[in-house]
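Hi,

Here is the structure I promised to pass on. Have a look at it first, and my notes follow below.

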Amino acid sequence: MDGDPVEVGLELLRALEHEELSVADAVDRIETVTTHPSTTREILDTAEKRGIIEREDGIVRPQGRTYVSFESQVVQKEGDFECRRCGAGLSTGHFIRFDSGDLGPFGSSCIRKVTGRD
């Protein structure tokens, strides 16, 4: 990942394709950006302050409807990678191009999970 982890995390939350998800599931997505607890809290708190999400009773509701475009925002690269979500070895890494930085690599199923397509 490159870019500021808070800004990348905010863009990821903004692009989630869920009506709602548990805070634990939101943290699972954020952990693809950072595993540092204070940065994770900062991402969630900032997202709520900016109106990107609403949090209530352990539920996160994304407020925007700006989804990741797999045609224009997901880039595939060949190489020797490890998935940021599951840790599996990859020969093809999928990266999400956000304005604030690229996030990845992910395997083909994990990128769908991270964005909420599955």
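E7 comes out as partly exposed, because its relative accessibility is 27%. Keep in mind that this is a predicted model.

What does E7 pair with? Its partner in a salt bridge is R50, and the closest N and O atoms are 3.2 Å apart. The two sit in distant parts of the chain: E7 belongs to helix α1, R50 to the loop between α3 and β2, and 43 residues separate them. R50 is partly exposed too, at a relative accessible area of 48%.

Helix α3 runs over residues 37–49, which makes 13 residues. From first C-alpha to last it reaches 18 Å, close to the 18 Å expected at 1.5 Å a residue. Which of its residues are buried? They are T39, T40, I43, L44, T46 and A47. Looking down the axis of α3, you'd find these buried residues within an arc of 170 degrees, so they line one face of the helix. On the face turned away from the buried side, α3 carries the exposed residues P37 and K49. As for what covers the buried residues, α1 (5–14), α2 (23–30) and β2 (53–56) are among the elements involved. Just after α3, G51 has a positive phi of about 80 degrees.

Back to the charged pairs. How many salt bridges turn up in the whole structure? The search finds 7. Here are some more of them:

- E20 and R61 meet through their side chains, at 3.2 Å from N to O. E20 is in the loop between α1 and β1 (21–22) and R61 in strand β3 (residues 59–62), so this pair ties together parts 41 residues apart in sequence. Both ends are partly exposed: E20 has a relative accessible area of 42%, and R61 has 29%.
- D102 pairs with R97, with the closest N and O atoms 3.3 Å apart. D102 is buried, at a relative accessible area of 15%, whereas R97 is partly exposed at 40%.
- D28, R29 and R85 are joined in a network of salt bridges.

Cheers

How values were computed
Residues are numbered from 1 along each chain as its sequence is written. This is a predicted model: local features need pLDDT of at least 70, side-chain atom pairs count only at pLDDT 80 or more; totals for chains, interfaces and linings use all residues. Side-chain values use heavy atoms; hydrogens and water are left out. Helices (H or I, at least four residues) and strands (E, at least two) are DSSP runs, numbered from the N terminus. The expected span of a helix is 1.5 Å times one less than its number of residues. Buried means under 20% relative accessible area, exposed over 50%, partly exposed in between (1.4 Å probe, protein chains only). The arc is that of the directions from the helix axis to the C-beta atoms. Contact means heavy atoms within 4.5 Å. A salt bridge is a side-chain nitrogen of Lys or Arg within 4 Å of a carboxyl oxygen of Asp or Glu.
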